[in-house]
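Open your viewer and get a selection tool ready. We will go from stop to stop, with something to pick out at each one.

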Amino acid sequence: MLLAAHHAHGAGVRPAAASSPPSLPKQQRSRCGYTRRERGLPAVRAVMAGPHQNVAPPPASRKMVAAPPSPVRETTTTTTTTVYRDNWFDKLAIGYLSRNLQEASGLKNGKDGYEGLIEAALAISGLFKVDQQWQTVATALERAFPSYILTMIKVMMPPSRFSREYFAAFTTIFFPWLVGPCEVRESEVDGKKEKNVVYIPKCRFLESTNCVGMCTNLCKIPCQTFIQDSLGTAVYMSPNFEDMSCEMIFGQQPPEDDPALKQPCFRTKCKPVLKHLNRFNQISN
């Protein structure tokens with residue numbers, strides 16, 4: 001319903017009759033106009049129109065102000081990046097492993113913290129062949145852990161339920177700085193329940209690299225081999241590339257037909273690929 005106001009200047013307005021006007025049919029009420037005027041005030045006419053009728057716009061003298069648009073919240077399909085606040089122990093362990101990895105590869109970088117560790121891993125992944133990547137990580141782990149300590153653990157803790165559960169608990173306590181928060185879970189070994197599984201909801205290394213190849217060649221395969229050879233305990237690392245979680249199952253041999261080795265990489269997020277493309281674009285320009 002729209003209102004149109006005009007000045008009548010005292011003409012053409014009749015006083016209302018004393019008796020009430022006759023009622024109109026329902027079909028005519030929707031188009032009926034009513035005029036009312038009080039002393040000293042201009043006449044105001046109200047017009048009722050149906051939704052299908054074109055009604056004249058309001059007078060130009062009445063300024064319409066458009067409401068500001070409501071804020072738009074952008075959403076993307078990418079997941080939120082985890083922010084880590086490393087304590088003094090985390091920083092010490094990260095720096096120690098990063099230095100050993102750089103020394104084993106012969107590739108130095110001036111970055112600190114986890115960023116320096118990832119930079120060292122990116123350099124190895126980009127310059128070395130797959131078998132050289134395995135060997136470089138194995139050398140770095142041998143540098144990081146003295147051989148006499150590993151030999152002592154291997155002799156004193158042969159494969160057993162106790163050793164499997166001990167290694168799982170040890171990983172959740174002392175290695176969240178490398179893989180992120182993790183917890184111990186149960187699995188069935190020879191028909192019995194054991195707490196021999198380390199569940200990592202979101203692997204820090206995989207999230208930081210976004211690279212399937214770096215996960216398998218710089219973490220999964222070298223660590224499985226190192227733990228088997230140095231500690232005498234089999235372990236199967238089963239990453240989930242959909243949600244970036246991972247399971248470390250102590251006491252289980254990796255399958256020969258490992259599905260992780262057939263997984264394609266993240267084409268739009270893989271850091272080595274993006275780094276290579278950026279370098280190619282710089283050369284082209």
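In which helix is the place of asparagine 100? Select asparagine 100 and you will land in helix α2. Bear in mind as you look around that this is a predicted model.

Is asparagine 100 buried or exposed? Its relative accessible area is 8%, and asparagine 100 counts as buried because that value is under the 20% cut-off. Now show its surroundings: leaving aside residues up to four places away in sequence, asparagine 100 touches Ala140, Arg143 and Ala144.

Next, select helix α4, residues 130–144. Its 15 residues reach 21 Å from the first C-alpha to the last, close to the 21 Å expected at 1.5 Å a residue. Colour its buried residues: Gln133, Thr136, Val137, Ala138, Ala140, Leu141 and Ala144. What do they pack against? Bring up α2, α3 (113–127) and α9 (212–231), and you have the partners of those buried residues.

For the next stop, turn to the surface and select Trp88, Phe89, Leu92, Phe162, Tyr166, Phe170, Ile173 and Phe174. Together they form a nonpolar patch with about 890 Å² of accessible area. Colour by helix here: α2 (88–105) and α6 (161–174) each supply at least two of the patch residues, and the largest share, five residues, comes from α6.

Finish on phenylalanine 174, which is found in helix α6. Phenylalanine 174 counts as partly exposed because its relative accessibility is 35%, between the 20% and 50% cut-offs.

Key:
Residues numbered from 1 in each chain as written. Predicted model: local features only at pLDDT ≥ 70, side-chain atom pairs only at ≥ 80, totals over all residues. Heavy atoms only, no water. Patch = residues over 30% accessible without salt bridge, like charges linked within 9 Å, V, L, I, M, F, W, Y side chains within 5 Å. Areas by Shrake-Rupley, 256 points an atom, 1.4 Å probe, with all protein chains shown as cover. Salt bridge = Lys/Arg side-chain N within 4 Å of Asp/Glu carboxyl O. Helix = DSSP H or I, 4+ residues; strand = E, 2+ residues; numbered from the N terminus. Buried < 20%, exposed > 50% of the residue type's maximum accessible area, 1.4 Å probe, protein only. Expected span 1.5 Å × (residues − 1). Contact = heavy atoms within 4.5 Å.
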